[in-house]
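Hello,

Here is the structure we spoke of, handed over for your use.

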Amino acid sequence: MPSYTVTVATGSQWFAGTDDYIYLSLVGSEGCSEKHLLDKPFYNDFERGAVDSYDVTVDEELGEIQLVKIEKRKYWLHDDWYLKYITLKMPCGDYIEFPCYRWITGEGEIVLRDGRAKLACDDQIHILKQHRRKELDTRQKQYRWMEWNPGFPLSIDAKCHKDLPRDIQFDSEKGVDFVLNYSRAMENLFINRFMHMFQSSWSDFADFEKIFVKISNTISERVMNHWQEDLMFGYQFLNGCNPVLIQRCTKLPEKLPVTTEMVECSLERQLTLEQEVEQGNIFIVDFELLDGIDANKTDPCTLQFLAAPICLLYKNLANKIVPIAIQLNQIPGDENPIFLPSDAKYDWLLAKIWVRSSDFHIHQTITHLLRTHLVSEVFGIALYRQLPAVHPIFKLLVAHVRFTIAINTKAREQLICEYGLFDKANATGGGGHVQMVQRAMQDLTYTSLCFPEAIKARGMDSTEDIPHYFYRDDGLLVWEAIKTFTAEVVGIYYKSDQVVVEDQELQDFVNDVYVYGMRGKKTSGFPKSIKTREKLSEYLTVVIFTASAQHAAVNFGQLFLGMYPEEHFIEKPVKEAMARFRKNLDTIVSVIAERNKKKKLPYYYLSPDRIPNSVAI
């Protein structure tokens, strides 16, 4: 009688183990085995982090093993179990791997395919086609689209975190991390102690130091010591937390009636302002998006205000970017003066503070929330709805949407909801942040998520003319590394453009993103379909870069691009591509580290060893 050795790996996260009864069945090309109870006498099976092996003997030849069925039945109480993978040693000595990386809840069953990635066209056997279709049917019932607010990208249909499918919820350990990190941030910034300061007027610049008294690292200390200086102000537009707004000014806007005489003391080349513009030395940041946005009125005892500034900047002879003119609102006039570096010290400083405040609002709501978190959630929902676990694109992208839907659901539940943290501590709270997203959706285009094109569209692509734009330099290195990797993976599974066109699951994934994520707007430029391998590689690069590098650049990093602890791929060519990807990323780490050695203010947000795989880890 044929005998198999079954190896079962249980997850290492909290409560991943189970005391329930676990049964296994093998489905082969020539028959299906009986259910076998996986149990060893006097042994605690399926403990957290355990790898257990069992001998399974069947009555007759099963032929080529096509599926493995795992069934969990209650022992005492409902006891969820996280199954990482199963390895099957065949009677002939060969091994077959069955990745899972899913929870089995209640008295449930999971049917697994072997780990070889397959397109739908590769499946010729009825039972495999049926398994593929059944998985997507189930997922599409679990992962439903919902409109959280009119004009927003659609999100997951869940009112709170516990309503999410179990496989995408934070595991208990990650959930605790979320709470602890939130509490630690509050403690570090003294937010709870100084919350009244956000709901009242400040009387002294020293109040800033009270807020940041507990932060102590090289970058924060340097910023704290130099934040009032024009050089630091300009540098932050290039390499701060929101380095995506500054653009080269090709024509002075009529709504900013600044003249050469006004800024003459700031110009160092003995040229007129118009000549400086022609030579590419003038830059602009326009916060027009904030014009008319309602300021926070949730506290009737506190008046809050918003500005929609226009800031003109100049590249001096030292190739440093400095501000030369600030207008706090969009329509020029006597009540809307242009502030200059030659003004009284605190007039100029306050004008810069208003600009930095506006930059904060755009950063938090648009650059960070909309253009990384909400966009990544769209990719994630479409992925689960349209790509089965056996699909190579699912295997490639799943690590990059990990916990994204969960953290966004938490945000809608606790942060950006009515009476959430935004309402308590943000001048755009109380609905202004919703208006901002609705407006910004008009500018959320596919091209704007393609990093090189986005840089070029702002006229910021010349490393010679703009030499200290590390966000651009490092971002381009990471973008190219990701694109090289995705192109390799695409080449492994798609032997021609025609295979791309005929992959209906892929086309459904792309169409889901366009129809639901981008609300079917042609002006978004998001493709409804993909017809070439090159375009597919670019699309995958957009997904990965947005969720990993772009989010890291405007947020923070923990753990790390190129690392795939869940082994969804088993094929040697893909593993070799992953190894080359990690090697390319290591080279980028070294380049950035070497540059930073010489910098008083190092830039490391896009160093791959600080880029998390997704927006939520």
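**Cavities, a helix pair and a sheet**

By class, seven nonpolar, one polar and two charged residues make up the lining of the largest cavity. (Ala, Val, Leu, Ile, Met, Phe, Trp, Tyr, Cys and Pro count as nonpolar, Asp, Glu, Lys and Arg as charged, and the others, Gly among them, as polar.)

The model is predicted, with local features needing pLDDT of at least 70 and side-chain atom pairs counting only at pLDDT 80 or more, while totals for chains, interfaces and linings use all residues. Residues are numbered from 1 along each chain as its sequence is written, and side-chain values use heavy atoms, without hydrogens and water.

A cavity here is a set of points, on a 1 Å grid over the protein atoms alone, where a 1.4 Å probe fits but cannot get out; lining residues have an atom within 4 Å of a point. Grid points are joined across faces, edges and corners, and a volume is the space filled by probe spheres set on the points. Two cavities of 30 Å³ or more are counted.

The largest cavity holds about 50 Å³. Its lining includes Trp 148, Phe 152, Leu 374, Glu 377 and Arg 412. Helix H9 (residues 345-386) gives the largest share of that lining, three residues. (Helices, H or I of at least four residues, and strands, E of at least two, are DSSP runs numbered from the N terminus.)

The second largest cavity has a volume of about 50 Å³. Among the residues lining it are Met 441, Met 518 and Lys 521; by class there are three nonpolar, three polar and one charged.

H9 also meets helix H19 (residues 533-554): their axes come within 10 Å and cross at roughly 145 degrees. (Axes are lines fitted to C-alpha atoms, for helices over the stretch in contact, and angles run from 0 to 180 degrees between N-to-C directions; contact means heavy atoms within 4.5 Å.) The contact includes His 363, Arg 371 and Phe 379 of H9 and Tyr 539, Thr 546 and Val 554 of H19. Its residues divide into seven nonpolar, nine polar and one charged.

An open sheet of five strands runs S12-S13-S14-S15-S16 with antiparallel pairing; two strands pair if DSSP finds at least two bridges between them. Strand S12 (247-248) and strand S16 (338-339) are the edges, each pairing on one side only. Two bridges join S12 to strand S13 (residues 282-286), and Arg 248 stands opposite Phe 283 in S13. H9 packs on this sheet too, touching S14, S15 and S16, with its direction at about 90 degrees to that of S15.

Regards

How values were computed
On a 1 Å grid over the protein atoms alone, a cavity is a set of points where a 1.4 Å probe fits but cannot get out, and a pocket is an open set with protein on both sides within 12 Å along at least five of seven lines; lining residues have an atom within 4 Å of a point.
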